[in-house]
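Subject: Handover of a structure

Dear colleague,

Please find below the structure that I am handing over to you.

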Amino acid sequence: GSRPEALLALLMSSLLDPANAETQAAIGQIHLDAGRLAAAEVVLRRAVELAPDLAQARFALGTTLVRLGRVEEGRTHLGEFQRLRDAALEGQRRTFVFEFSAHGSDRCHGTLVSIGDQLESMRLEHPDGPIVIPRPR
């Protein structure tokens with residue numbers, strides 16, 4: 001669908017449920033994408049007020065404020081977005097312990113840490129000493 005049609009659908013949804021922060025954030029993002037920064041700011045502030053932990057609203061509001069020249073205030077919201085994103089990723093951290101064979105017969109252990117579907121680190125307890133393989137940056 002086109003942006004005007006999407007905006008109309010979201011505005012209608014907002015009339016039915018004005019307290020839906022996700023809808024408010026989506027409306028704000030459309031305004032931001034169209035360069036309607038004042039309108040974006042109003043709607044995105046409402047989204048953040050309704051759901052302070054809604055990362056997409058924090059990011060869009062921060063971006064809007066930076067584009068309006070209010071860089072410090074924008075950075076505050078972008079920093080909050082980063083904190084929320086990092087917390088969400090941390091919630092996806094998983095540790096896997098495994099065994100492997102070194103030199104044909106030695107039974108060794110390893111630990112793999114992932115965040116989401118990304119490898120964070122791997123540690124192999126090798127007879128010659130531990131081997132740590134960090135995540136590629």
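This is a predicted model: local features need pLDDT of at least 70, side-chain atom pairs count only at pLDDT 80 or more; totals for chains, interfaces and linings use all residues.

Residues are numbered from 1 along each chain as its sequence is written, and side-chain values use heavy atoms, with hydrogens and water left out.

**The whole chain**

The protein has five helices and four strands; helices (H or I, at least four residues) and strands (E, at least two) are DSSP runs, numbered from the N terminus. Along the sequence, the pattern reads α-α-α-α-α-β-β-β-β. The radius of gyration, taken over C-alpha atoms, is 23 Å, well over the 14 Å that the globule rule gives for 137 residues, so the protein is more spread out than a compact globule. That rule is 2.2 Å times the number of residues to the power 0.38. The C-alpha trace spans about 70 × 30 × 25 Å along its principal axes. Of the 137 residues, 29% count as buried, where buried means under 20% relative accessible area, exposed over 50%, and partly exposed in between (1.4 Å probe, protein chains only).

**The largest nonpolar core**

A nonpolar core is a set of buried Ala, Val, Leu, Ile, Met, Phe, Trp, Tyr and Cys residues joined through side-chain atoms within 4.5 Å. The largest one here holds 14 residues, and those that touch the most other members are Ala-25, Leu-32, Leu-44, Leu-54, Ala-57 and Leu-61. Two or more residues come from each of helix H2 (21-33), helix H3 (37-50) and helix H4 (55-67). H3 gives the most, with five residues. Leaving aside neighbours within four places in sequence, Ala-25 is in contact with Leu-44, Ala-47, Leu-54, Gln-56 and Ala-57; contact means heavy atoms within 4.5 Å.

Thr-23 lies in helix H2 and is buried, with a relative accessible area of 8%. With neighbours within four places in sequence left aside, Thr-23 is in contact with Leu-10, Ser-13 and Ser-14.

Gln-24 is also found in helix H2, and at 8% relative accessibility Gln-24 counts as buried. Beyond its neighbours within four places in sequence, the contacts of Gln-24 are Ser-14, Pro-18, Val-43, Arg-46, Ala-47 and Leu-50.

Yours sincerely
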